[in-house]
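Biologist: I would like to learn how to read a few features of this model. Please start with what the accessibility words stand for.

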Amino acid sequence: MDTLSYKTISANKETVNKEWVVVDATDQVVGRLASKVAKLIRGKYKPNFTPHVDCGDNVIIINAKKAYFTGKKETDKVYTRYTGYPGGQRFTTPEQLRKQPYGMERIIRHAVKGMLPKGRLGRQLIDNLYIYDGTEHKHEAQKPKAIDINQYK
């Protein structure tokens with residue numbers, strides 16, 4: 001038997017096939033949307049997935065304002081940030097963030113970032129995510145293809 005007939009192919013920066021995809025967040029649960037988008041960004045749905053390489057797609061999320069939380073998370077979930085000063089811990093809920101400019105973008109970006117690897121690769125991967133509140137986006141030149149996020153597990 002020829003042992004070279006079944007080589008494992010490891011992708012690298014030159015051989016990776018990155019695409020642009022558009023995901024519509026209308027009537028999507030934030031956490032479930034974020035987990036699927038994180039897998040798309042990571043490249044886990046591709047047959048040539050390599051864990052240490054950025055082999056995922058560039059994801060554009062439109063209609064981010066129409067995503068929602070289940071249960072009481074809208075009012076009970078708490079995001080914590082720190083200003084850097086003594087006593088500078090600040091707390092916000094998704095309900096308060098939603099009212100701020102780019103609030104829903106911050107909520108979804110935070111959820112996706114938590115599902116990406118920690119370290120240098122994760123910081124590179126989060127740059128492949130673009131979030132817009134409405135249906136318009138500025139990436140028409142890349143010819144993104146619209147996908148139905150519900151068909152992914």
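Modeller: Buried means under 20% relative accessible area, exposed means over 50%, and partly exposed lies in between, with a 1.4 Å probe and protein chains only. By that scale Tyr130 is partly exposed at a relative accessible area of 25%, while Trp20 is buried at 18%. Of the 153 residues of the chain, 40% count as buried.

Biologist: What kind of model is this, and how are residues numbered?

Modeller: The model is predicted: local features need pLDDT of at least 70 and side-chain atom pairs count only at pLDDT 80 or more, whereas totals for chains, interfaces and linings use all residues. Numbering starts from 1 along each chain as its sequence is written, and side-chain values use heavy atoms, with hydrogens and water left out.

Biologist: In which order do the elements of the chain run from the N terminus on?

Modeller: Helices (H or I, at least four residues) and strands (E, at least two) are DSSP runs, numbered from the N terminus. The chain has five helices and six strands, in the order β-α-β-α-β-β-α-α-α-β-β.

Biologist: How many aromatic pairs does the structure hold?

Modeller: Rings of Phe, Tyr and Trp (its six-membered ring) pair if their centres lie within 6.5 Å; planes under 30 degrees apart count as stacked, over 60 as edge-to-face and the rest as tilted. The structure holds two such pairs. Trp20 and Tyr130 have ring centres 5.4 Å apart and planes at 25°, so this pair is stacked. Trp20 lies in strand 1 (residues 20-24) and Tyr130 in strand 5 (residues 129-131), so the pair ties together parts that are 110 residues apart in sequence.

Biologist: And the pair of Tyr45 and Tyr152: what are its distance and angle?

Modeller: The Tyr45 and Tyr152 pair is tilted, with 4.6 Å centre to centre and 45° between the planes. Tyr45 sits in the loop between helix 1 (30-42) and strand 2 (58-62), and Tyr152 in the segment after strand 6 (145-147), 107 residues apart. Tyr45 is partly exposed, at a relative accessible area of 29%.

Biologist: How many bridges join strand 3 to strand 4?

Modeller: Two strands pair if DSSP finds at least two bridges between them. Here four bridges join strand 3 (residues 79-82) to strand 4 (residues 89-92), and the two run antiparallel. Tyr82 stands opposite Gln89 in strand 4. The hairpin of these strands has six residues between them, and Gly84 takes a positive phi near 105° there.
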